[in-house]
Amino acid sequence: MQKFNVIAIGGTGMRCAECLVHLCSMGMFDDTEVHLLALDTDYENGNFKRLQELINNYNRVTADRDGVASDTLFSAKIVYYSFSPNYKAGTTYNGVANYNQAETTTHDEDGVKWSDADLANLFLTPDMRDMDLQHGYRAQTQMGSMLMYHAIKEEAYKNRSNGSDLVRYVQNLMDGSSIVFLFGSVFGGTGASSIPILPHALQEAAKIISDKGNGDVLSKNYFGTVMLTNYFSFDVPNTTDKVYATSDKFALNSQAALAFYNEDETVNKTYKRLYLIGRDTPRNVSSKDARSVTGGDSQRNPEDYIELMAASAAYDFFHTALRNADKPVFGDKAEVYYRTIGTDENDNLTFESFFGEDREKFAQKCGIMMASAFLFGPQDFASNRRAHTSFQALTEQNVKDIRDYFRRFYDLECLDEKEPGSGWIKQMQESATDQGYRGFLFNEAAYSTSSKSAGKFKYNQLLYPTGSAHGYQVSMLGSAYDTFKKEFGDTVFTDSDKTAVSALLKRTYTTFSKLFGFTA
């Protein structure tokens, strides 16, 4: 079993982590235990909640399995942690940093008078010091880095004996050599503030937690991160606050951040690889029927194919380390990786666009996941099996959990009143077409199904695009559902009733692999 540690920071980090979870559900991380820390200052943020709901759904589906698996759906084990600084409504920098006390604490050294607040006054305006922190750092990274560093150390002091999520995550990093990857943007607030300082904040937390103050995470782990530059925009937020993030400054923020990352010795010595991802034309993600908000539950930005690219960077970092476990993997200084996203001759984003040399693996596993979304969603195959003697151990809750997850993957209709419409894979496709690409991974027909036609979708004939360099000639004939059901078989399930869901998913994966011609 391998272990992979992931940290998702801010709204962008949450959406990248969602992509990683869906890669786990496809089986891209076989035999892997993923420890995922979600870190956000805005604990009510919609993207923050959506990630937690997704992982909770994932873990309900895999609850009957002890540990990891391989060659099946949902093969990875996901251990979820979260941390959010205790910023209640009305919390400001002045309150967190005891600014008033610092301002009145003065010194006179060799005729030079100064106060403890002078440094803060140099970098922070009065409006910045007075802004409500509950919705994050609002692109004020000069303040956010300091506050996040302080919040992590404070959490370690307060809960070193109680074992909060953050403390348990740090203890997990202290256990031994592992691989750690951070998701976050470099142009916004929480992510941009945290990526440069987080490994060292965790190092300080490890010292606080350890018995003799010798806790260590920096020398025991490989750290990598993705630098997401300005790839989306939004309308001016609907707020009366004096300080808020505006997307017209994101390009400048990205430029400044990249210059810092390039020159800063601490960043270069801490991270082994920095993956640079962005695009020329940002995509506007503002809701069509409402103005932008600064944060909170209403901030549920849609998924974007750029975030899948970020998840593929995490995959590359993880597997590069695994492939070179017996020899030095990375140098002493960070390496910067970037790749121009490629398309096929018809200007479609393909499996190769995201996973390069592992394109066949991604095409096959994502294809099985996509077909399973139709099978367990509108075709409700889990209910069919529960009615049959072969899988009577399945409960109504099992069926609901499976159906709900695949709805999150493909179509959220009837699942979440706050977010009706497109599921993850369809949001990916919509973001690609919004940016001018003609297609995304699968045949266009796979994304245009209505709730009525989805139950009859021919995922044997229409799933993979024909004529492309990496298309597949699917061996399924006739009705996709009937052919699958016949190949799946009616053998009575004889294993322990407690593993019925895992057995169902394993047999589903094996059946599709055979019908699609992926295995003999």
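**Salt bridges**

Mentor: Glu18, Arg50 and Glu303 are joined in a network of salt bridges. A salt bridge here is a side-chain nitrogen of Lys or Arg within 4 Å of a carboxyl oxygen of Asp or Glu. This is a predicted model: local features need pLDDT of at least 70, side-chain atom pairs count only at pLDDT 80 or more, and totals for chains, interfaces and linings use all residues. Residues are numbered from 1 along each chain as its sequence is written, and side-chain values use heavy atoms, with hydrogens and water left out.

Trainee: How far apart are the closest N and O atoms of Glu303 and Arg50?
Mentor: They are 3.6 Å apart. Glu303 sits in the loop between strand S10 (283-284) and H13, and Arg50 is in helix H2 (residues 46-61). Helices (H or I, at least four residues) and strands (E, at least two) are DSSP runs, numbered from the N terminus.

Trainee: Is Arg50 buried or exposed?
Mentor: Buried, at 6% relative accessibility. Buried means under 20% relative accessible area, exposed over 50%, partly exposed in between (1.4 Å probe, protein chains only). Glu303 is buried too, at 1%.

Trainee: Which residue does Arg15 pair with?
Mentor: Glu307, with the closest N and O atoms 2.9 Å apart. Arg15 is in helix H1 (residues 10-26) and Glu307 in helix H13 (residues 305-323).

Trainee: New topic. How many salt bridges are in the whole structure?
Mentor: A search finds 15.

Trainee: And how many helices and strands?
Mentor: The protein has 20 helices and 13 strands.
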